[in-house]
Amino acid sequence: MPPTGTAPRLPDHRPAHLARSGFFDPVHPEVPWTGEVELRRHLDGGDGERERFRVLRPIGYWDARLGPVVVPADPTTFSTDLTSVPRALSWLVPTTGRHLPAAIVHDGLTAGADGPPSYLAAAPVDPVGVDLLFRRALRDLGVTRLRRGVMWAGVSLWTALAGPPRRTWRAWLAAVVTATVVLVLGTLSTADLFDAVDVLPWMGARPWWVELGTGALAALVVPLLPAPLWGRRRLAGAVAGVAAAFLLHVTVGVLLASAGFAAADALTSGRPRRALSRAGAGLALAGVVAGTVVLAR
């Protein structure tokens with residue numbers, strides 16, 4: 001916790017130990033930031049499985065474009081789930097790691113939509129600006145270019161999907177179209193590679209290594225087509241679409257394995273309804289993949 005009698009504050013000028021941007025201690029801005037993050041874990045909900053964390057010591061970030069921000073404004077009321085990542089992608093982006101401070105700052109800047117801001121800043125930050133700040137913060141933490149690009153795209157689209165339907169229906173439409181294009185064409189490309197179908201012009205009856213190359217090229221180009229549906233976030237939509245296309249096979253495999261394990265775990269724990277829902281989700285995904293191949297034959 002911050003020392004007694006002190007509170008997080010916005011510095012009047014950029015701390016001397018920062019070049020253009022970077023993290024700082026909001027209690028003692030002139031002291032170089034050590035990188036320490038102090039958290040307290042608690043459980044949210046009755047199932048005992050949803051973790052939340054209190055940020056005991058606020059984190060400051062000086063952005064080259066937006067100036068200083070501090071998260072949280074009040075450590076007694078703000079909590080975070082750290083890095084919000086679907087379980088099927090936790091192998092790619094873990095909940096914690098080098099990127100954690102940036103994830104907490106992003107959570108603070110996007111929380112509190114229905115109440116007072118959960119951050120301190122010279123001026124309010126719009127959602128797209130928050131996502132770009134997140135990408136710059138990842139850079140300052142030393143996250144590699146490819147990984148921070150994928151993380152920024154995922155967070156940006158997740159932000160677009162959060163909120164009431166009247167504000168997010170366009171983003172959901174873009175998400176459904178992108179996911180359908182990637183899943184259907186990715187499934188057909190894979191089936192064509194193994195000569196199960198012959199429907200895609202970029203595959204055809206060619207040597208396997210040529211089809212592998214043309215399939216990879218299609219995975220790079222085709223997901224760009226629905227990107228304009230994301231509007232201001234079209235670049236993030238393009239990055240996420242291409243990443244999803246290249247990671248399709250491993251993601252589908254992990255989803256199926258996770259659904260099977262979750263169903264077995266729930267069944268052996270005496271929760272048949274949960275087991276049925278998990279098994280149903282896995283069977284639905286497998287049905288979509290198999291149905292796509294069957295209809296294309």
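**Note on the predicted model**

1. Among contacts between residues at least 6 apart in sequence, 59% join residues at least 24 apart. The structure under discussion is a predicted model, and the points below describe that model.

2. The protein contains 8 helices and 7 strands. Along the principal axes, its C-alpha atoms fill a box of roughly 70 × 50 × 35 Å. Of its 297 residues, 40% count as buried. The accessible surface comes to about 16600 Å², and carbon and sulfur atoms account for 63% of that area.

3. Concerning charge, the protein carries 30 positive and 22 negative side chains. The centres of these two sets lie 3 Å apart.

4. The confidence of the prediction deserves attention. The mean pLDDT is 89, and 95% of the residues reach 70 or more. Among the elements, helix H6 (residues 234-246) has the highest mean pLDDT, at 96, whereas helix H8 (residues 272-296) has the lowest, at 88.

5. A separate remark concerns the start of the chain. Over residues 1-5, pLDDT stays under 50. The model has 10 contacts beyond four places in sequence for this stretch. Where pLDDT is low, predicted coordinates should not be read in detail.

6. Strand S3 (residues 51-55) takes part in two pairings that may be followed residue by residue. With strand S2 (residues 39-43), S3 pairs in the antiparallel sense over 5 bridges. Within this pairing, Arg40 has Arg54 of S3 as its bridge partner. Strand S3 is also joined to strand S6 (residues 79-80) by 2 bridges, and these strands likewise run antiparallel. Here the bridge partner of Phe53 is Thr80, in S6.

7. Is Thr187 buried or exposed? Thr187 counts as buried because its relative accessibility is 9%, under the 20% cut-off for burial.

8. Which residues does Thr187 touch, leaving aside those up to four places away in sequence? They are Val182, Leu248, Val289, Thr292 and Val293.

Notes
Residues are numbered from 1 along each chain as its sequence is written. This is a predicted model: local features need pLDDT of at least 70, side-chain atom pairs count only at pLDDT 80 or more; totals for chains, interfaces and linings use all residues. Side-chain values use heavy atoms; hydrogens and water are left out. Buried means under 20% relative accessible area, exposed over 50%, partly exposed in between (1.4 Å probe, protein chains only). Contact means heavy atoms within 4.5 Å. Helices (H or I, at least four residues) and strands (E, at least two) are DSSP runs, numbered from the N terminus. Accessible areas come from the Shrake-Rupley method with a 1.4 Å probe; for residues, only the protein chains shown count as cover. Lys and Arg count as positive and Asp and Glu as negative; His and the chain ends are not counted. The place of a charge is taken as NZ of Lys, CZ of Arg, CG of Asp or CD of Glu. pLDDT is the predictor's confidence in each residue, from 0 to 100. Two strands pair if DSSP finds at least two bridges between them.
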